[in-house]
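I open this notebook to keep track of what I look up, one topic to an entry. The sequence and the structure come before my notes.

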Amino acid sequence: MTSSLSTPSASPAALAELEQGLEHLKVANYYLRVALDQVTDGVIIVDSESLDTKSGQRVLFSNAAAAMLAGADPDSGLRGLGLNDLVAGAKDSATLQQSLRLAVEQGGCHECECQLQSLRTRAPVPSKWRVRAVFNSMRKLLNFTILISPAAQAATPAPAPKPEPRPAVDDLDAQSAQLRKENLAALAQGIAHDVNNLLGPVTVRLSALIQQVQEHPGLAHELQLVFAGLKRAKQFTSQVVTASKSSPRRLEPTDIISLIRDTVEFAGAGSNVHVHVRNDDNLRQAIADPVKLSQVLQNLVMNGIQAMPCGGYMDVQASNLMVGSAGDGKLKPGRHVHILVRDRGCGIAKENLDRLFRESFTTKADGNGIGLTTCKRFIDEMGGDIRVTSTPNIGTEFSVYLPAAEGSDTRSLIPANAPPVPLKHGKGKVLIVDDEDDLRKVAHMILTRCGYEVVQCDNGQDAVRIYQSLFRTGTPPDVVLMDLTLRGGMNGTETASEILHLDPDARIVCTSGSVTEEVQMVFLERGFVGVLPKPYEAGELTQMVHRIATMMKRH
């Protein structure tokens with residue numbers, strides 16, 4: 001009598017739980033890669049053991065910034081290279097290897113300076129390397145995480161560091177604070193990217209809807225107020241991405257009149273307080289960051305409204321101001337713009353005025369005091385000043401002073417209450433590649449209504465397959481709208497590269513919530529014919545598609 005042995009199989013419930021866990025890991029890895037690719041410093045993770053004596057530790061992961069600093073292809077990155085392959089010579093290699101050893105001995109971080117070898121130009125780049133040894137709970141060394149940033153000034157490579165005693169607690173605290181700062185920057189950019197994706201479908205649909213209800217002025221006006229709020233949110237998320245990077249946003253001539261009217265209308269919507277806006281007829285433009293200035297004014301107006309729960313009147317006034325040769329506190333001699341925000345509320349007690357702009361001070365039961373502190377920091381960054389006077393039971397006046405622009409008529413901030421960009425009808429075939437289902441479906445609907453034939457998918461593999469199929473039949477898409485972060489194994493740049501390899505004349509537009517003005521040229525140099533940052537309006541979408549489809553004919 002023979003007996004058969006059977007291998008027990010997992011239950012359907014166990015398999016479903018395993019699949020769900022794998023999907024969660026996949027999603028977590030996806031968002032982690034997106035966040036790390038938006039960090040401005042180069043980030044590499046290397047093996048804890050040397051690949052060989054010549055190449056050193058093997059690179060396990062690198063973000064986009066590391067690949068660009070090293071002159072490598074951003075799509076393939078640095079994976080598989082040895083750590084010593086990235087430095088200029090034996091002396092730099094010794095410096096870096098010594099830093100790795102010290103990071104292990106000190107149980108944390110170590111910094112050194114050595115030259116990064118460009119794989120493209122072979123030119124050495126003086127750089128700072130911040131090495132962190134990563135241990136598990138049993139204190140076993142797992143790998144090294146290294147942040148690379150170009151040195152502020154070119155310098156000769158530092159000599160190999162001598163072994164030092166364990167760093168002081170203050171040094172470790174400073175390193176920990178720096179790491180938290182870097183992590184928060186990456187997190188902020190990742191959140192801004194996700195918020196832009198959430199705003200996308202609403203912005204596209206609402207901008208199209210406003211143009212359909214113009215025969216109902218009341219409804220159109222209400223929708224326009226909502227649309228203005230979305231445009232403000234778009235500007236704020238753009239500011240988050242810019243502020244998280246190493247280079248701050250440039251100050252520029254700003255149309256104060258339009259900015260005040262847009263901000264006041266949005267901040268005062270739905271309240272029982274009437275805000276009266278006045279300005280000099282020949283008001284100068286101010287040198288400012290328009291997005292941050294809008295936030296400051298919105299904060300001041302909303303504070304005034306909250307101080308007047310029974311309703312009433314507020315004033316927002318803008319006037320020219322000349323500061324004399326002796327200056328005025330922080331204000332330098334010369335032309336300025338003065339913005340006054342006056343409420344008729346409960347006022348602020350005298351003993352609290354000096355504390356008003358300090359961190360975490362507030363007299364509100366549910367407040368945290370950070371609003372006015374942030375306002376002051378923003379205005380200081382613009383080279384201006386903010387001051388306050390108040391009388392209990394009479395009201396409060398905030399004065400914002402900014403340097404005036406000289407002889408510029410450029411309006412740097414598009415008014416938030418400007419009507420949506422008009423739709424543009426046309427003909428042609430469009431392939432939409434985007435993993436945001438709602439946005440993809442809304443874009444499909446808008447383009448179809450405007451006369452286009454639309455094909456859509458949510459991952460790179462399907463996009464290449466669809467394009468290849470249409471290309472072989474002689475009917476390739478006239479325009480491809482390509483998101484950068486996609487489901488599956490291929491991202492947007494990898495997918496675009498595959499399509500361009502198949503058809504060098506392919507016309508691919510980069511659509512993403514994380515592409516700032518500063519890096520748009522990078523994508524144009526890599527084969528994209530246009531950049532359409534998210535969240536975009538329906539009119540911006542159709543205008544871009546029409547321009548690409550009609551102005552870039554195939555030869």
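Before I read any strand partners, I note that two strands count as paired if DSSP finds at least two bridges between them. I also note that this is a predicted model.

**Entry 1: overview**

I looked up the totals and found 14 helices and 17 strands in the protein. Of its 555 residues, 45% are buried. I then turned to the contacts between residues at least 6 apart in sequence, and 68% of these join residues at least 24 apart.

I traced an open sheet of 5 strands, whose order is 7-9-10-12-11 and whose pairing is mixed. Strand 7 (273–279) and strand 11 (385–391) stand at its edges, and because each has a single partner strand, one side of each is left without a neighbour in the sheet. I noted that neighbouring strands of this sheet are turned against each other by 15° on average, with direction ignored. Helix 6 (residues 256–267) packs on the sheet, where I found it touching strand 7, strand 9 and strand 10, and its direction makes about 175° with that of strand 7.

I then followed strand 10 on its two sides. With strand 9 (residues 312–323), strand 10 runs antiparallel, and 9 bridges join the two. I checked individual positions here: Val 323 stands opposite Gly 334 of strand 10, and Leu 321 stands opposite His 336 of that strand. With strand 12 (residues 395–403), strand 10 also pairs in the antiparallel sense, over 8 bridges. On this side I looked up Val 341, and its bridge partner in strand 12 is Phe 398.

Is strand 10 enclosed by the rest of the structure, or is it open? I found 7 of the 10 residues of strand 10 (residues 334–343) buried, so this strand is largely enclosed.

**Entry 2: the largest nonpolar core**

I looked for the residues that touch the most other members of the largest nonpolar core, which has 39 residues, and they are Ile 256, Ile 260, Leu 293 and Val 316. Helix 7 (residues 290–306) gives the most to this core, with 6 residues. As a general background to this entry, nonpolar side chains tend to be buried together in soluble globular proteins.

I went on to list the neighbours of Ile 256, leaving out residues up to four places away in sequence, and found that Ile 256 touches Leu 283, Arg 284, Ala 286, Leu 293, Ala 318, Val 337 and Ile 339.

**Entry 3: helix 3 and Ser 99**

Helix 3 has 16 residues, and I read a reach of 22 Å from its first C-alpha to its last, close to the 22 Å expected at 1.5 Å a residue. Its buried residues include Asp 92, Ser 93, Leu 96, Gln 97, Leu 100 and Ala 103. What covers the buried residues of helix 3 includes strand 2 (57–62), strand 3 (109–117), strand 4 (124–135) and strand 5 (141–150). Just after the helix, Gly 107 takes a positive phi of about 70°.

I picked out Ser 99, which has its place in helix 3 (residues 90–105). Why does Ser 99 count as buried? Its relative accessibility is 0%, and the cut-off for buried is under 20%. Not counting residues up to four places away in sequence, Ser 99 touches His 110, Glu 111, Cys 112 and Val 131.

**Entry 4: an aromatic pair in helix 11**

I searched for aromatic pairs and the count came to 1. The ring centres of Tyr 467 and Phe 471 are 6.5 Å apart and the planes are at 20°, so this pair is stacked. Both residues lie in helix 11 (residues 460–472), 4 residues apart, which is about one turn of the helix. In general, an α-helix has 3.6 residues a turn, so residues three or four places apart point the same way.

**Entry 5: Lys 376**

Lastly I looked up Lys 376, which I found in helix 9 (residues 370–381). Lys 376 is partly exposed, with a relative accessible area of 24%. Leaving aside neighbours within four places in sequence, Lys 376 is in contact with Lys 330, Phe 357 and Ile 386. I also noted the distance to Arg 358: Lys 376 and Arg 358 are 18 residues apart in sequence and 9.3 Å apart in space, C-alpha to C-alpha.

Definitions and conventions: Residues numbered from 1 in each chain as written. Predicted model: local features only at pLDDT ≥ 70, side-chain atom pairs only at ≥ 80, totals over all residues. Heavy atoms only, no water. Buried < 20%, exposed > 50% of the residue type's maximum accessible area, 1.4 Å probe, protein only. Contact = heavy atoms within 4.5 Å. Phe/Tyr/Trp six-rings, centres within 6.5 Å; stacked < 30°, edge-to-face > 60°. Expected span 1.5 Å × (residues − 1). Core = buried A, V, L, I, M, F, W, Y, C linked by side-chain atoms within 4.5 Å. Axes fitted to C-alpha atoms, helices over the stretch in contact; angles between N-to-C directions.
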